[in-house]
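This report describes one protein chain. Look at the sequence and the model first, then read the sections in order.

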Amino acid sequence: MHISSGRWVYGFLLTLLAALLWGILPIKLKQVLQVMDPITVTWFRLTVAGGCLFVYLALTRRLPNLKVLGHKGGWLVGMAVCGLVGNYVLYLVGLKMLSPGTAQLVVQIGPILLMIASVFIFKERFSLGQGVGLVVLIIGFALFFNQRLMELLTSLGTYTAGVLTVLLATSIWVLYALGQKQLLTVWNSLQVMMVIYLSCAVLLTPWAHPLEAFDLSPLQGWLLLACCMNTLVAYGAFAEALAHWEASRVSATLALTPLVTFVAVALAAWLWPEYVQAEEINALGYAGALVVVLGSATVALAPSLLAGLKARRLRMAS
């Protein structure tokens, strides 16, 4: 069983870096999607990130050994590849129809779905505290969508289609997460990511249009490069944070990502109104976003908090 190094400050800072990078990512993607299609953007991100990992692992002589994968491992790679490709492409399709903040908030459903799937597949426990957090999360979403709740429930307009598309992308991401979790018993995290990224890029190649990059403005070109490096650095920071800090703390801190997006959008809309539009959300909607973050953090922290409380009671009893 993995034990964190105890360097919690370092782990906390790495987690904040990952939250910051993932928080500003949809703002950059939104600009690039004005020119490039979602499949091509995804192809660029995966090719650059996977290529950088390949070079690093080759130079350090740590390329993954495919022989140890076996037949079952091949199916796991296929499941993870399909999950990540579906997630990346569908998320961008949904992002074209939504604001960055809304898209990022819907993504918070992903870890919850992974937790539920882990209960059935890996027989992990589902505590009362996690149930409370899930209820809080649902209440938060109801508050966030208060202005357009009837539209979501009664019609299939652009907004509803965007929410459903991002929700589908988040659901498919669970396949990637489950596949990656099992592959970590064979390879380390960098090896797993390299194989999945490059496999995804190969899968998307027939439908990608790399020459669209020449249609980008200089600013959009730099933003595309930033999106590619974001894929590499954010996941690297996340993986390294897990080595130094408890997974529950990391997950709870990453729940702040939507708030980072809302703040970043507000700041960008103020500084560059010709490029970024402000979020059209009322005060109740912003309160709902805070409640969603609180619910996500509760789900992540509930098991460790209950375990600590139980251990304290045992010490007091003895």
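## Terms and basis

A residue counts as buried when its relative accessible area is under 20%, as exposed when it is over 50%, and as partly exposed in between (1.4 Å probe, protein chains only). Helices are DSSP runs of H or I with at least four residues, strands are runs of E with at least two, and both are numbered from the N terminus.

The model is predicted: local features need pLDDT of at least 70 and side-chain atom pairs count only at pLDDT 80 or more, while totals for chains, interfaces and linings use all residues. Residues are numbered from 1 along each chain as its sequence is written, and side-chain values use heavy atoms, with hydrogens and water left out.

## The whole chain

The chain has 13 helices and zero strands. Its radius of gyration is 20 Å, close to the 20 Å that the globule rule gives for 318 residues, so the chain is as compact as a globular protein of that length. This radius is taken over C-alpha atoms, and the rule is 2.2 Å times the number of residues to the power 0.38. Along the principal axes, the C-alpha atoms fill a box of roughly 70 × 55 × 35 Å.

Of the 318 residues, 46% count as buried. A contact means heavy atoms within 4.5 Å. Among contacts between residues at least 6 apart in sequence, 87% join residues at least 24 apart.

## Helix α6

Helix α6 covers residues 128–144. At 1.5 Å a residue, its 17 residues should span 24 Å, and its end C-alpha atoms are 24 Å apart, which agrees. The expected span is 1.5 Å times one less than the number of residues.

The buried residues of α6 include four glycines, Gly129, Gly131, Gly133 and Gly140.

## Valine 291

Valine 291 is found in helix α13, which covers residues 283–317. Its relative accessibility is 22%, so valine 291 counts as partly exposed.

Not counting residues up to four places away in sequence, valine 291 touches Val136, Gly140 and Leu143. Valine 291 and alanine 142 are 149 residues apart in sequence, and their C-alpha atoms are 9.9 Å apart in space.

## Glutamine 104

Is glutamine 104 buried or exposed? Its relative accessibility is 7%, so glutamine 104 counts as buried. This residue is in helix α4, residues 100–106.

Leaving aside neighbours within four places in sequence, glutamine 104 is in contact with Trp22, Gly23, Pro26, Tyr91, Thr257, Pro258 and Thr261.
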